[in-house]
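Please keep the sequence and the 3D view at hand while reading.

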Amino acid sequence: WVLMATAQTPTNIAVIKYWGKRDETLILTITAAIGMRPWFYPLMISVSPLIQTTFCTTTTVAVSPLFHQDRMWLNGKEMSLSGIRYQNCLREIRSRANDVEDEKKGIKIEKKDWEKLHVHIASYNNFPTAAGLASSAAGFACLVFALAKLMNVKDDEGKLSTIARQGSGSACRSLFGGFVKWITGNKEDGSDSFSVQLADEKHWDDLVIIIAVVSSRQKETSSTTGMRESVETSMFIEHRAKDVVPQRIIQMEEAITRDFPSVARLTCADSNQFHAVCLDTCPPIFYMNDTSHRIISYVEKWNRSEGTPQVAYTFDAGPNAVLIARNRNIATQLLQRLLFYFPPPLDTDLNSYVLGDASI
Ligand code: DP6
């Protein structure tokens, strides 16, 4: 017999960025962070014709007495599960597993059996992996959630977020939809470093996220390496952690009560400061490219000409722009403007896709 569970998780975009760890193994952050899960119409504008889809990870986990070792495939390619992050997630979930019974199939797994049974994991991203689009956030959250379903783990999303966190920091925020805060925590074992939902999916459902895939190439410096180097060498990161982020978290929590201009100002400012920390790292890390910079200038000019922000931008560890439009009408205008000023090349191979170089 084979028993399976499938989960689907959209990517999580940080509006107040996590950058820097106080514990590399347990993945504990030096600052709180706020993310939003784009359940609402994210559009990818790099391909022609337009793909209108939610960027998400789909993961199926299976267990069978016929499996002799834990194995995983990502986008159809087998990958190793020996890394500490996968091992920690698997161990934590197994230790919380419960009895499972499927009478129709005649399957009965007792709590104690889970230690001996092996799992096969198949995960698929419908967006470029490791191109700064939070693939590890969706990936680990989805994996932990699917395994928890399979093994009948009874813990709530908050507890599961502490397990997903050990796979990737940003995954901690991805167990919930809507706006989510990752609480820093003080304890050494990380048990108080988990996520809470600030507002659910329905709270602000006229926002639209548009992801402009400037480049789908893998980034040169991973987030893990980049933030380690920032913690070791940036003088600016301490100021950010102590003086800036705690204030911004409070302000963002207030702004999430549907105050778009404040959300936009805070989101753009925090993205720019995160990239400033990257530049202040030795050697400096350049995640954005010229097209990213031109998108920023364009949005800034547009917002200024309107007198109040209509669109926010934010960039994770890569050149791709995540644009948040205040409503569908603005999103339609934004798409038209982006396609006009940054026309996609007529190449349908996503991997070689780069937005046009038209200057604004
Ligand atoms: C810039 O969660 O990918 O996207 O914890 O080492 O796996 P690890 O790093 P990761 O870092 C994400 C950094 C970011 C900001 C954010 O998502 O908050």
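In which sense do β14 and β15 pair, and over how many bridges? The pairing of β14 and β15 is antiparallel and runs over four bridges. The model is a predicted one, in which local features need pLDDT of at least 70, side-chain atom pairs count only at pLDDT 80 or more, and totals for chains, interfaces and linings use all residues. Residues are numbered from 1 along each chain, as its sequence is written. Helices (H or I, at least four residues) and strands (E, at least two) are DSSP runs, numbered from the N terminus. Two strands count as paired if DSSP finds at least two bridges between them.

- Strands of a sheet pair through backbone hydrogen bonds, either parallel or antiparallel.
- β2 pairs with strand β5 (residues 33–37) in the antiparallel sense over three bridges, and I13 stands opposite M36 in β5.
- β5 also pairs with β14, again in the antiparallel sense, over five bridges; here I34 stands opposite K181 in β14.
- In the pairing of β14 with β15, V180 stands opposite Q197 in β15.
- Strand β14 (residues 178–182) is mostly covered, as four of its five residues are buried. A residue is buried if 20 or more other C-beta atoms lie within 10 Å of its own, exposed if 12 or fewer, and partly exposed in between, with C-beta atoms placed from the backbone.

**The sheet of five strands**

- A second open sheet has five strands in the order β1-β8-β13-β9-β10, and its pairing is mixed.
- Its edges are β1 (3–10) and β10 (77–79); each has a single partner strand, so one side of each is left without a neighbour in the sheet.
- From one strand to the next, the twist of this sheet averages 20°.
- β1 and strand β8 (residues 56–64) run antiparallel and are joined by eight bridges; the bridge partner of Q8 in β8 is T58.
- β8 pairs with strand β13 (residues 118–125) in the antiparallel sense over eight bridges, and V63 stands opposite V119 in β13.
- Strand β9 (residues 71–74) pairs with β10 in the antiparallel sense over three bridges, where the bridge partner of W73 in β10 is E78.
- T59 lies in strand β8 and counts as buried, with 27 C-beta neighbours inside 10 Å.
- T59 and I16 are 43 residues apart along the chain, and their C-alpha atoms are separated by 27 Å.

- The 16 residues of α2 should span 22 Å at 1.5 Å a residue, and the end C-alpha atoms are 22 Å apart, which agrees. The expected span of a helix is 1.5 Å times one less than its number of residues.
- Of the 16 residues of α2, 15 are buried, so this helix is largely enclosed by the rest of the structure.
- Just after α2, N152 takes a positive phi of about 55°.
- Helix α3 (residues 157–165) contains A164, which is buried, with 32 other C-beta atoms within 10 Å.
- A164 and C89 are 75 residues apart in sequence, yet 6.8 Å apart in space, C-alpha to C-alpha.

**The shell around the ligand**

- Of the 16 residues around the ligand, A14, S168, G169, S170 and S223 come nearest. A residue is near a molecule if its C-beta atom, placed from the backbone, lies within 6 Å of it.
- The elements that give two or more residues to this shell are α2 (135–150) and α4 (223–233).
- By class, the shell has eight nonpolar, six polar and two charged residues. Ala, Val, Leu, Ile, Met, Phe, Trp, Tyr, Cys and Pro count as nonpolar, Asp, Glu, Lys and Arg as charged, and the others, Gly among them, as polar.

Key: Axes fitted to C-alpha atoms, helices over the stretch in contact; angles between N-to-C directions.
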